Amino acid sequence: MALLIHTFTIIVARLALTSFLHSLFQHFDKERKDLSWKMHREIQKMREIALVYLDRSGGLQKFVHDCKKYNGITHSIDILLNYIMLHKSLLFLFKVLFAPTDSKQSYAVYRFIISINPSDIAELDATLGNYILHNPIQAAHIFQSVCFIAIKTLSLIEQLQTEAQISILLKPTHLPPLPSYVLSLSAFPFNYTSQRFYMSEGIVIAMGTVTKYTQGARFLCTEETCPFSEGFRYIRVHMPGATESATVRNDFVCSLCSSPLQEDMKFRVLGDKQIVEMIDAKVLNALKGYSSDKSHFRIQTFTVFLRDELANKMKIGNHYKIIGIPACVQNGLQATACIEVNSVQLCKPNGPSFVGDNFKYLLSLTSSSCWRFTAVLANIFASQVVPPGTYNTLKLAILLSLVQTGEKENADYLDLLIVTSDTLVIDRLLNYSICLLPRGIRHPPSSEIFPSVSKDKHGTGSASIHACSAVLAKGGICYLGDLSSYKKDKLELLQSVLDSRTTTVFIPGKKYGEEADQQVTISIQTNFWSFVDVGSSSKKHTQKDNFLIGQMDVSLIPPNLLDVFGLLIYNEFPSCQLSSPFIHHILKKAINPEATLYKASQQFRMQDYEEFILFAKNLHVELSPEAENLIQGYYVASRRVRRDSIHGSTLSASALKILISLSKAHTKLSLRKKVLEEDALIAILLLESSLTLKHGTSALCIAPNPLFPFDLRDENSLQQRDHYLMQCYHQLLKFIGAYGPGIHINEE
C-alpha cells in the first residue's frame with residue numbers, strides 16, 4: 001500500500017511539474033512585457049535556461065522534494081486525498097498517518113542546495129554558464145527567482161511570503177580544468193577579491209569543533225505604524241566571508257521611514273559551522289628533513305569554512321580537493337584569507353601502473369629463486385647514502401616497512417626500532433628512506449607527535465584540534481629520531497598509540513564554552529621508525545649483568561614499548577662493520593655530495609625507487625595455506641618455548657600480526673600477489689632475530705645475521721645464501737615438529 005501511494009504521488013507530482021513549466025514560461029513572457037521589472041532581457045533569458053536545466057537534470061524534482069521538509073508533506077497528501085474522497089473509510093486513516101507535526105511553522109530563510117554541472121549549463125547557454133563560474137552570488141539570485149516562482153505556482157511552501165526568504169547554494173560538480181580556476185595555496189598574492197569559484201587542494205592540519213552560525217534572520221521596523229513593522233521585508237542572509245556580526249547587526253534602518261530595525265529572534269535560522277585549517281601538500285617536502293629537491297617555495301595555511309551539510313565531512317590529516325569562493329574575514333584589526341567551501345572531495349593518490357625497466361630486468365635475472373630479488377634490492381638500496389653491501393638487514397627491513405604503508409583502517413603496520421652506536425649513518429639512511437614516500441615525515445623535537453587542542457584563533461572561543469607529525473604522515477612513515485631523547489610521558493603515549501593505532505583528544509567543555517566535555521578519537525595510520533643510541537645508554541641508567549645468550553641491553557626502553565614495536569634491529573653485524581669502502585664513501589661524499597659513486601646509483605635512481613615502492617605497496621596479496629601453516633606453527637612453538645614461570649610467554653599476541661605483516665611485505669617487495677613459504681621464512685627469521693635481541697636465543701637457535709650470512713658479490717654468493725636459507729627452513733620444520741604438536745607442515 002505504501003509503495004502504491006509513493007508511486008502515485010510521483011506520477012501526480014510529475015504531471016503538476018509539466019504543467020508548471022508551461023505556465024512559468026508564460027509568466028516570464030508576461031514579466032518581459034512588464035516595464036515595472038526593468039530587468040535586462042538577458043537576465044530573463046538566463047532564468048528560462050535555469051528552469052530548463054533544472055527540469056532536464058532532475059533538479060526541479062529534487063527541489064520539490066526538499067520543500068517538503070519545510071511544509072511537511074501536506075501538499076502531496078492533499079493531492080492524494082482528492083483522489084480517494086470516494087473511499088470514506090480510508091480518509092481518516094490518511095489524515096492521521098500523514099499529518100505533519102507543525103505544518104504552519106514559518107522560517108525567516110528557506111535554504112536549498114542546487115547541484116550544478118557547468119559543462120551541461122554551458123551547452124544550454126554560454127552566458128549563464130559564464131555567469132555561474134564568474135559571478136556565483138549573482139547567479140544564485142537567478143535561481144532564487146526561479147525557485148520562488150516555482151514555490152508560488154505549485155504552492156509548495158504556504159508560509160513563504162517574499163523572494164528574499166529563499167537562500168540558494170550553488171554546488172558545482174566540477175570546474176573547467178584550466179589554470180585560471182585553480183587557486184594555488186603557496187602562491188602570492190592570495191586572490192580573495194574576485195568572489196568567484198576556485199578549485200584548490202591541500203591537507204587538513206587543524207579542525208575546530210562544530211558550532212552554530214546564523215543562516216538568516218528577520219528584521220522589523222520599530223515604528224509600529226510603518227508597513228514594514230510586520231512581514232518579511234527585511235531578511236539578512238549569510239554571504240561568503242561574512243562574520244556573525246556582519247550578518248546580524250543593530251545599525252540597520254528602515255528604507256521607508258528611517259526608523260531603526262530590530263531582529264525578530266524567534267525567526268532566526270541557525271546552521272552548523274566548522275572552521276578547518278588547510279595547507280598546500282608541498283609542505284610534506286619541507287617536513288622530510290632531507291630531499292633531493294632544491295627548489296624553494298612559500299607555504300601558508302588557509303582557513304576553510306564548512307557549513308551545514310559539509311560539517312564533519314573532513315578528517316584531520318586527509319588530502320582534499322575543494323571548490324569554493326575565496327573571501328577575507330575581518331576579526332578586529334586582523335584580516336584572514338579564507339575559502340567558503342561549496343563541495344569537498346577526498347584525494348586518493350594513485351600509484352604507477354608499472355615499474356621501471358631496470359627493476360623488470362633485475363626481476364627476470366633473479367627469477368630462479370624467491371629470495372634473490374629482494375636480496376639484491378636490499379644490497380644496492382640507498383647507495384647514495386651507504387655503500388652497496390652494507391647494512392643489508394636494516395635496508396631490507398626499511399624496504400619491507402616502506403611497502404607496508406597505506407591508509408586503510410585495519411592495515412598491516414610495520415614499525416622499526418634500530419639499536420645502534422653509529423647514529424649519524426643510521427640517521428642519514430632513515431632520512432633518505434622516508435623521502436621515497438609522499439608522506440614521509442621527520443618529527444621535529446620541538447613539536448607534538450600526536451594531536452593537541454587549543455583555542456580557535458578566529459575568536460570563536462571554541463576548541464581546535466591541531467595535526468601533528470603522526471597524523472601528517474598518514475599512509476606513510478613517521479620518523480621519530482632518537483627514542484632515548486623523549487620523556488617518560490611521551491613514551492607512554494607512544495606505547496598506547498602503537499598498541500591501539502588510535503589517540504584520544506580530551507576537550508574540556510568549561511574551557512571551550514561547551515556544555516559537556518568531549519573526547520575525540522583520531523586514527524593513526526602510519527609506520528613509526530626510531531633508533532636508540534646504545535653508546536649513550538650507560539649515562540642514563542645502570543646496565544644489567546645477567547644477560548641471556550644473544551640478548552642485548554635494551555633496558556633504556558620501557559619493556560611494554562619494546563614489545564609493541566614490530567621489529568628490533570641491531571645493525572652492527574660482522575658483515576656490516578665500518579670498513580674501508582665505507583670510509584672512502586664518506587670522504588668522497590664530503591668532497592662532492594652530488595657525485596655518483598656506484599653503477600647501481602646510476603641504474604636505480606631515487607625516482608625509480610619512489611615509483612617502485614608506490615607500485616609495490618598497492619599490490620593486493622593473499623596468504624597461501626602453506627605460508628599460513630608455517631606462520632601458525634612457528635608462533636605456537638615459540639609461545640611454548642619462550643616462557644617463564646613468572647611472566648608466562650614472552651611472545652606477545654601481536655607477534656602473529658607482525659609475522660603476517662612481514663610476510664605480506666616481502667611478497668609485495670618481490671612483486672608477487674600470493675604469500676609463499678619463502679616469504680614466511682624471511683618474516684620468521686626477522687622476527688626471531690628481534691626476539692633474540694629482546695629475550696635471548698631460543699631452541700630455534702638461529703645465527704646472529706640469518707638473512708645475509710655472506711657478502712653478496714656474485715651469483716655464487718646468492719646460491720650460497722639460497723642454500724643457507726633452505727637449511728634454515730628445514731631447521732624451522734624440526735623446531736615446529738618438536739615444540740608445536742598438532743601443527744602439520746608438509747615437508748618437501
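These exercises look at nonpolar cores and aromatic rings in a predicted model.

**Exercise 1. The cores**

Find the residues with the most contacts inside the largest nonpolar core, then list what L402 touches.

Solution. 
- Start with the background. In soluble globular proteins, nonpolar side chains tend to be buried together.
- Now go to the largest nonpolar core. It has 88 residues.
- L402 and Y634 have the most contacts inside this core.
- Take L402 and set aside its neighbours within four places in sequence. The contacts of L402 are then F381, S433, L436, L437, I477, W529, I613 and K617.
- A second core of 55 residues is separate, and I449, A463, I557 and L693 are among its members.

**Exercise 2. One ring pair**

Classify the aromatic pair of F735 and Y739, and decide for each residue: buried or partly exposed?

Solution. 
- A pair of aromatic rings is described by the distance of the centres and the angle of the planes.
- For F735 and Y739, the centres are 5.4 Å apart and the planes make 45 degrees.
- Stacked needs under 30 degrees, and edge-to-face needs over 60. So the pair F735 and Y739 is tilted.
- Next, the helix. Both residues sit in α25 (residues 715-739), four residues apart, so about one helical turn separates them.
- Buried means under 20% relative accessible area. F735 has 5%, so F735 is buried.
- Y739 has 37%, so Y739 is partly exposed.

Notes:
Residues are numbered from 1 along each chain as its sequence is written. This is a predicted model: local features need pLDDT of at least 70, side-chain atom pairs count only at pLDDT 80 or more; totals for chains, interfaces and linings use all residues. Side-chain values use heavy atoms; hydrogens and water are left out. A nonpolar core is a set of buried Ala, Val, Leu, Ile, Met, Phe, Trp, Tyr and Cys residues joined through side-chain atoms within 4.5 Å. Buried means under 20% relative accessible area, exposed over 50%, partly exposed in between (1.4 Å probe, protein chains only). Contact means heavy atoms within 4.5 Å. Rings of Phe, Tyr and Trp (its six-membered ring) pair if their centres lie within 6.5 Å; planes under 30 degrees apart count as stacked, over 60 as edge-to-face and the rest as tilted. Helices (H or I, at least four residues) and strands (E, at least two) are DSSP runs, numbered from the N terminus.
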